[in-house]
Amino acid sequence: MKHLQQKIIEFRDARNWKQFHTPKDLAISLCLEAGELLENFQWKSSEEAIKTNLENIKDEIADVVIYALLLSHELGIDLEKAVLDKIKKNEQKYPIEKSFGSKKKYTEL
């Protein structure tokens, strides 16, 4: 993940865009790109959206990941560690014996 993050930083820095990449603006951009991802599914079944928009879906997922990597870099967050830590937290909130096959939130289990 660090190699991917470094490639993105190099791309950004070669264009002198760091000046625009405040944590607030990166968080906004991440949300905007997530919205663009959602647009691919609007008014369609999942199957139809994937069949007709898969390439655009890939691009929008990539944009979301790029902004998440940029934001984590700016905040000094080790994203790989943060994800692994979150999985551990979720294992506590959603133990298999209570959550298996359930869509309930942890507060309802």
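## The largest pocket

Which element gives the largest share of the lining of the largest pocket? Helix 1 does, with 4 residues. Helices here are DSSP runs (H or I, at least four residues), numbered from the N terminus. This is a predicted model, in which local features need pLDDT of at least 70 and side-chain atom pairs count only at pLDDT 80 or more, while totals for chains, interfaces and linings use all residues. Residues are numbered from 1 along each chain as its sequence is written, and side-chain values use heavy atoms, leaving out hydrogens and water.

The pocket has a volume of about 190 Å³. Its lining is made by Lys7, Ile8, Phe11, Arg12, Trp17, Phe20, His21, Ile66, Tyr67 and Leu70, and the elements giving two or more residues are helix 1 and helix 3. By class, there are 7 nonpolar, 1 polar and 2 charged residues. A pocket is an open set of points on a 1 Å grid with protein on both sides within 12 Å along at least five of seven lines, and lining residues have an atom within 4 Å of a point.

## The nonpolar core

Ile8, Ile9, Leu26, Leu69, Leu70 and Leu71 form the largest nonpolar core. Such a core is a set of buried residues of the nonpolar kinds Ala, Val, Leu, Ile, Met, Phe, Trp, Tyr and Cys, joined through side-chain atoms within 4.5 Å; buried means under 20% relative accessible area with a 1.4 Å probe, protein chains only. Helix 1 (2-14) and helix 3 (46-74) each give two or more residues to this core, and helix 3 has the largest share, with 3 residues.

Leu71 also has contacts (heavy atoms within 4.5 Å) with Pro23, Leu26 and Ala27, leaving aside neighbours within four places in sequence.

Thr52 sits in helix 3. A polar atom of the Thr52 side chain lies 2.9 Å from the backbone oxygen of Glu48.

Is Ser99 buried or exposed? Ser99 counts as buried because its relative accessibility is 15%. Ser99 is in helix 5 (residues 96-99) and touches Tyr94 and Leu109, not counting residues up to four places away in sequence.

How values were computed. Buried means under 20% relative accessible area, exposed over 50%, partly exposed in between (1.4 Å probe, protein chains only). A polar contact is a pair of N or O atoms within 3.5 Å; within protein, one must be able to donate a hydrogen and the other to accept it, and residues adjacent in sequence count only if both atoms are side-chain atoms. On a 1 Å grid over the protein atoms alone, a cavity is a set of points where a 1.4 Å probe fits but cannot get out, and a pocket is an open set with protein on both sides within 12 Å along at least five of seven lines; lining residues have an atom within 4 Å of a point. Grid points are joined across faces, edges and corners, and a volume is the space filled by probe spheres set on the points. Ala, Val, Leu, Ile, Met, Phe, Trp, Tyr, Cys and Pro count as nonpolar, Asp, Glu, Lys and Arg as charged, and the others, Gly among them, as polar.
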